[in-house]
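Open the model in your viewer and keep the selection tool at hand. This tour goes stop by stop: select, look, move on.

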Amino acid sequence: MPNIYNLFKFLEKKKGTKTPLKVKFVYAPNELTDEDLNVEGYFDLSHTKITSLPDNLKAGGNLDLSYTKITSLPDNLQVGGTLYLIRTSITSIPNNLKVGDDLNLSYSEISSIPNNLQVGGSLFLDNTPFAKYTKEEIRKMIEDKGGYVKKDIYA
């Protein structure tokens, strides 16, 4: 384990202070509890070395994974606010993804639309392989797969 994680574990043991959730996600994902998988508020993992997330993660607010090396998202991911995937290497998103507000995939490598994608806000696809399509064409692709985007689409 990296030294930073060991430091937080030491402080947790000696002082009773809880190891920050971001530290656990980045340095010790195998030690995440069910409670850890229900994140309230804004969860910022941007600019970290994270490459994956655990299944069944629920973020009540925004989830920011921008500028990470993440290439795919886990099954059953739920995001109550905005999901930021700006400048990631992500090429696909899982079926049945539900995002309560915006989904921002700008400057990513996203190349496919999943089944049943539900976006409660807007969808941002600037500078992605989808930029060659009109927003009407993208909306139709999403609807043809059982999904929707409630607000606008930017490509």
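Select K140 and D144. Their side chains meet in a salt bridge, 2.9 Å from N to O. A salt bridge here is a side-chain nitrogen of Lys or Arg within 4 Å of a carboxyl oxygen of Asp or Glu. The two residues sit four apart in helix 3, so about one helical turn separates them. Helices (H or I, at least four residues) and strands (E, at least two) are DSSP runs, numbered from the N terminus. K140 is partly exposed, with a relative accessible area of 49%. D144 counts as exposed, at 56%. The cut-offs are these: buried is under 20% relative accessible area, exposed is over 50%, and partly exposed lies in between (1.4 Å probe, protein chains only).

A note before the next stop. This is a predicted model, where local features need pLDDT of at least 70 and side-chain atom pairs count only at pLDDT 80 or more, while totals for chains, interfaces and linings use all residues. Residues are numbered from 1 along each chain as its sequence is written, and side-chain values use heavy atoms, leaving out hydrogens and water.

How many salt bridges does a search of the whole structure find? Five. Select D152 and K135 for another of them: their side chains meet at 3.2 Å, N to O. This pair links distant parts of the chain, 17 residues apart. D152 lies in the loop between strand 11 (148-149) and strand 12, and K135 lies in helix 3 (residues 135-144). D152 is partly exposed, with 23% relative accessible area. K135 is partly exposed as well, at 35%.

Now go to helix 1 (residues 3-15) and pick K9 and E12. They form a salt bridge of 3.6 Å, N to O. Both belong to this helix, three residues apart, about one turn.

**A surface patch**

Stay with helix 1 and select F10, which lies in it. F10 is partly exposed, at 47% relative accessibility. With F10 they form a nonpolar patch on the surface, with about 270 Å² of accessible area together. Patches are made of residues with over 30% relative accessible area and no salt bridge; like charges are joined within 9 Å, and nonpolar side chains (Val, Leu, Ile, Met, Phe, Trp, Tyr) within 5 Å. Accessible areas come from the Shrake-Rupley method with a 1.4 Å probe; for residues, only the protein chains shown count as cover.

Six of them form an open sheet, paired in parallel, in the order 2-4-6-8-10-12. Two strands pair if DSSP finds at least two bridges between them. Which strands are at the edges? Strand 2 (43-44) and strand 12 (153-154), each pairing on one side only. Zoom in on strand 2: it pairs with strand 4 (residues 63-64) over two bridges. F43 stands opposite L63 in strand 4.

**The core**

Select L53, L63, L73, L83 and L103. These have the most contacts inside the largest nonpolar core, which has 36 residues. Such a core is a set of buried Ala, Val, Leu, Ile, Met, Phe, Trp, Tyr and Cys residues joined through side-chain atoms within 4.5 Å. Helix 2 (21-27) and helix 3 are the elements that give two or more residues to this core.

Last stop: T48, in the loop between strand 2 and strand 3 (58-59). Is T48 buried or exposed? Buried, with a relative accessible area of 14%.
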